[in-house]
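Student: Could you take me through one part of this structure up close? I'd like to see how the inside of the chain is put together.

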Amino acid sequence: MGVAYYIQTSRVASGIDAGGKDQIALGRMVYEKNCAACHGARLEGQPNWQRRLPSGRMPAPPHEDTGHTWHHPDRVLFGIVKYGVVPPYGPPGYQSDMPAFQLVLSDDEIRAVLAYIKSHWSDKVVQWRVETLKNLEQP
Ligand code: HEC
């Protein structure tokens, strides 16, 4: 099994780039309704997103190239949107303002919103992902 097996299954399971234009159009609607309030209409994140809030929690980061969403493999992004920043996506007991969307969005809607986010990434980022994430067995 090993890495090749893992990549194959995760690609099938993720399906994030599968649908092309229709998927991205759906993802845009999902994004505007459910994500833009925190992550910004242009995916720019909250102001000073690298600085902790008075509550001790982190602000919402950008989803375009200036953020770090693109550092994560597809299945991690999917997991964060579905379940929130809980283990294994964050440390146990981690307090986060990122909601879990499992009761709000279907798996297809989650894939679509991630496809929409991905459609904003530059060629450089996409190339980095191809080269770097293919060797990742763990997030
Ligand atoms: C109530 C505000 C809020 C909403 C609404 C929200 N997020 Fe978030 N999101 C956050 C915050 C805050 C973080 C940073 C989490 C942390 O580090 O604690 C985050 C983090 C993330 C991350 C991880 C980014 C990274 O680089 O680690 C992803 C992916 C994400 N959000 C996607 C989404 C998507 C997709 C939606 C809409 C379906 C959404 N978020 C809606 C607040 C929000």
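Tutor: The chain has 6 helices and 0 strands, where helices (H or I, at least four residues) and strands (E, at least two) are DSSP runs, numbered from the N terminus. Read along the sequence, that gives the pattern α-α-α-α-α-α. Keep in mind that this is a predicted model, where local features need pLDDT of at least 70, side-chain atom pairs count only at pLDDT 80 or more, and totals for chains, interfaces and linings use all residues. Residues are numbered from 1 along each chain as its sequence is written.

Now for the inside. Of the 139 residues of the chain, 22% count as buried. Buried means that 20 or more other C-beta atoms lie within 10 Å of a residue's own; with 12 or fewer the residue is exposed, in between partly exposed, and C-beta atoms are placed from the backbone.

The largest nonpolar core has 18 residues, and Val 81, Val 113, Leu 114 and Tyr 116 have the most contacts inside it. Such a core is a set of buried Ala, Val, Leu, Ile, Met, Phe, Trp, Tyr and Cys residues joined through C-beta atoms within 7 Å. Helices α2 (20-34), α4 and α5 (107-118) each supply at least two of its residues, and α5 gives the most, with 7.

Let's zoom in on Val 113. Leaving out residues up to four places away in sequence, Val 113 touches Gly 27, Val 30, Tyr 31, Cys 35 and Val 81. Touching, or being in contact, means that the two C-beta atoms, placed from the backbone, lie within 7 Å.

Next, look at how α2 and α5 meet. Their axes come within 7 Å and cross at roughly 95 degrees; axes are lines fitted to C-alpha atoms, for helices over the stretch in contact, and angles run from 0 to 180 degrees between N-to-C directions. The two helices, α2 and α5, are therefore roughly perpendicular, the label for 65 to 115 degrees (under 35 is roughly parallel, over 145 roughly antiparallel, the rest oblique). From α2 the contact includes Gly 27, Val 30 and Tyr 31, and from α5 it includes Ala 112, Val 113 and Tyr 116.

Finally, check out Asp 74, which lies in helix α4. Asp 74 counts as buried because it has 20 C-beta neighbours inside 10 Å. Its C-alpha atom is separated by 9.9 Å from that of Ala 115, 41 residues apart along the chain.
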